[in-house]
Amino acid sequence: MRRDFLLVLFCTLLIYAQATESPFVGYLVEQYFGSIGSPVSIMSGWDLDTSGGYFANGWGNIQIVDTSNDAGVSLRRRFVRQVEGTIVLEYRFNATKKIDGLTWQLQSGTQTVANVLTSGGNLCYETPTGAAGVLQSYSAYTEVGVRVVADVSAQTVDFYVNGVLKAAGIDFRTDVDGIDQLYIYTGSSGTLTLHQRGVHIYKGYLVNERFLAQDQGAVPDGWTTAVGGGTVSVVKDPDLAAYPDCNSVQLSDTNSLSSVSLVKTFAPQAGKFEFEFKFMQPTKHDGFTADAVNGSLPVARVITDNGNICYVDSGGNTVSVWDHYLSNLWYFVRVTVDLGTRTGDIYVNDIPQATGVSLADPSANQVDAIRFTTSIADPDVVWLDDIQVYLFQECPSDYVPDPVPVSHSPYRIGVQVFNGWREGAHYGWDWISSDADRSPILGFYDEGNPEVADWEIKYMVDHGIDFFTTCWYRPLTATGKSPIKDGAYKSVGLNAYKRAKYADMLHYSLVIETANAPVKSLDDWKNNVVPFLIEHYFKDPRF
């Protein structure tokens, strides 16, 4: 498997990357931080030009230091060429000085397709004629979130700033037949330090909202709310997850006679699809619902009821799939809906909980929105994040062959692994590429991809391994006062294993890593770490 052909997956989506059958849903680039050191000589997967400065320590961001008044610093990132459909670029930045000439470009080769730039003291986009169209003003030392939606088929682009649509349907800067590169440049008109808060490029989702490029307060444009009994707002909490993935939406319902809802519509879809989300209630309340809907009617419904996480069947009955869920703890719910068979599969914390269950509306033949609603009966606060809807991805025809177990009774054999080597969230493969002897058997693979996990499972099962022991890292949060939303990025291999096709053929155990991801206090251990481990891992039959 060549790295050039692989999609980098954040392992919140079940897709399989193959050179012969490229998936149409997934991440093309998922860069969380630059490499470590000062100055940085290598950033894996990127081409760097330090003519006008250097790259510095990149924990939490890509730190670009421009020290020249007549030259700049640039970086390029190639990705799998996209010749149809829509791709989305999301990032945040913070500049220590306002200068003209900063630029973030989606390109075809080196031809500019869509360009966000600074000009005249404003954040702008480049028009087809090369002029600067103003998006909005910006300030030094202030975070800005940018979202660029490029429709390759229509040759148009929409620009969002801090979640607000600022320019829509702008023609591509250049007529091209595809997009395959991101280019970032500090310009040649002044000096500054640019804190590039991640780079995320993806395609194919009907909904993909992690609130990465959203400002605090309002919800992103394209979402609708009903707030008869409270408020809906995006809240930043650096304790929840590593920066910049620390924004979530809060539904705050203060009216015992009404509710608060959040809705996202999309083009009607039939067939088989998946929707997933993470939620947390500081205090448990029955009646919170998450619906895939057709018009206003719920096709598939997840609901909190009688202290459990449940689904609603075709008879209107609530059926528990997770008994006695906890308050103040994040849960990850995924539902696979097959409108052809009128059935669904339900996963909680990536643990299979129900298969082939009937849907809330057995007559539905399409869905066109996802909707979240607080309890009507009680005041309620619900936090939501990582909301995705996408068409179901079948395994490609040349997928990993079935593992073949080796009998070795009465022994149980295990291995210790570190499966956190993920481009964009670790040092990356470029650091070892100078020596062919260090190339992995799998090639330069994307840890966090369930297909990679299935190859790892096959290798182990075929050679008599019964279980593996892997590292789990607490997120590197500031205080440890907030509940854990997900393990640190170094746990991506474990997340991919839980979504792998052959995961039930291999068990796992954990090494709780506390040197590089220390527990903050005894209260943090008792209230955050242990409950998360129990609910996400210890209750997993594969553990």
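How many bridges join β5 to strand β14 (residues 179-185)?

1. The answer is 6 bridges, and β5 and β14 run antiparallel. Two strands are taken to pair if DSSP finds at least two bridges between them; strands (E, at least two residues) and helices (H or I, at least four) are DSSP runs numbered from the N terminus.

2. This is a predicted model, in which local features need pLDDT of at least 70, side-chain atom pairs count only at pLDDT 80 or more, and totals for chains, interfaces and linings use all residues. Residues are numbered from 1 along each chain as its sequence is written, and side-chain values use heavy atoms, with hydrogens and water left out.

3. Strand β5 (residues 74-82) also pairs with strand β2 (residues 47-49), in the antiparallel sense over 3 bridges. Leu75 in β5 stands opposite Leu48, and its bridge partner in β14 is Ile184.

4. The largest nonpolar core holds 47 residues, of which Leu106, Leu123, Phe159 and Ile201 touch the most other members. Such a core is a set of buried Ala, Val, Leu, Ile, Met, Phe, Trp, Tyr and Cys residues joined through side-chain atoms within 4.5 Å, where buried means under 20% relative accessible area and exposed over 50% (1.4 Å probe, protein chains only). Strand β6 (residues 86-95) supplies the largest share of this core, 5 residues. A second, separate core of 46 residues includes Val207, Phe275, Ala292 and Ile309.

5. Leu522 lies in helix α3 (residues 522-538). Leu522 is exposed, with a relative accessible area of 60%.
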